[in-house]
Amino acid sequence: KYDTDEPIQIGDLISYWAETNTVTRAFIPNWKDNEHNKVLGVCTNINNDNIEVASTGIVDVNIEGLICLGDKLTASDIKGKAKAIKYNQDETQFRYRHIGKVIGLYNSYNVVKVLLDIE
């Protein structure tokens with residue numbers, strides 16, 4: 001971890017920083033800071049200081065905002081959380097980078113099942 005006290009949870013988006021060889025919760029402050037979108041994957045397990053990260057497959061992802069089946073997700077402005085890309089133009093015009101597609105919903109409004117496709 002970049003910060004040993006950072007509360008990384010299962011389902012959080014994780015960014016890798018090669019300069020420091022550490023990971024942290026991913027977020028994008030605003031759409032102009034898209035170069036900060038260094039999402040490596042989603043935290044799937046935590047064992048002491050070791051964090052397992054998945055970049056492909058089907059995993060649960062922590063989200064914020066309204067999400068529907070079939071929505072593509074990207075990093076939000078809240079650390080570790082994903083949000084929906086509502087319009088196709090957001091990917092082309094604002095260069096949002098999608099991390100996967102929602103394939104399942106739960107009774108909880110802050111977690112969804114996602115088919116990851118992080119490149």
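Here is a short tour of the cores, a hairpin, a surface patch, a loop residue and the salt bridges.

## What you're looking at

Keep in mind that this is a predicted model. Residue numbers start from 1 along the chain.

## The nonpolar cores

Let's start on the inside. The largest nonpolar core has 20 residues, and Leu13, Val61 and Leu73 touch the most other members. Strands E3 (39–47), E5 (56–62), E6 (72–75), E7 (82–85) and E9 (111–117) each give two or more residues to this core. E9 supplies the largest share, with 3 residues.

Another core lies apart from that one: it has 5 residues, including Ile14, Val23, Cys43 and Ile51.

Back to Val61 for a moment. Leaving aside residues up to four places away in sequence, Val61 touches Gly11, Leu13, Val42, Ala82, Asn110, Val111, Val112 and Val114.

## A hairpin and a surface patch

E3 and E4 pair up in the antiparallel sense, over 5 bridges. Ile46 stands opposite Ile51 in E4. The hairpin they make has 2 residues between the strands, and Asn48 takes a positive phi near 60 degrees there.

Strand E4 covers residues 50–54 and also holds Val53. Val53 is partly exposed, at 33% relative accessible area. Together with Tyr16 and Leu40, Val53 forms a nonpolar patch on the surface, with about 220 Å² of accessible area between the three.

## A leucine in a loop

Now for the loop between E5 and E6, where you'll find Leu69. Is Leu69 buried or exposed? Its relative accessibility is 55%, so Leu69 counts as exposed.

Even so, Leu69 has contacts: setting aside residues up to four places away in sequence, Leu69 touches Val102, Ile103, Gly104 and Leu105. Leu69 and Leu105 are 36 residues apart along the chain, yet their C-alpha atoms are separated by 7.2 Å.

## Two salt bridges

The count of salt bridges comes to 2. In one, Arg25 pairs with Glu6, with the closest N and O atoms 3.2 Å apart. Arg25 sits in strand E2 (residues 22–25) and Glu6 in the segment before strand E1 (13–17), so to speak 19 residues apart. Both partners are buried: Arg25 has a relative accessible area of 18%, and Glu6 has 6%.

In the other, Lys113 pairs with Asp60, and the closest N and O atoms are 3.4 Å apart. Lys113 lies in strand E9 and Asp60 in strand E5, so this pair ties together parts 53 residues apart in sequence. Lys113 is partly exposed at 29%, and Asp60 is partly exposed at 32%.

Methods. Predicted model: local features only at pLDDT ≥ 70, side-chain atom pairs only at ≥ 80, totals over all residues. Heavy atoms only, no water. Patch = residues over 30% accessible without salt bridge, like charges linked within 9 Å, V, L, I, M, F, W, Y side chains within 5 Å. Areas by Shrake-Rupley, 256 points an atom, 1.4 Å probe, with all protein chains shown as cover. Salt bridge = Lys/Arg side-chain N within 4 Å of Asp/Glu carboxyl O. Helix = DSSP H or I, 4+ residues; strand = E, 2+ residues; numbered from the N terminus. Buried < 20%, exposed > 50% of the residue type's maximum accessible area, 1.4 Å probe, protein only. Core = buried A, V, L, I, M, F, W, Y, C linked by side-chain atoms within 4.5 Å. Contact = heavy atoms within 4.5 Å. Pairing = 2+ DSSP bridges.
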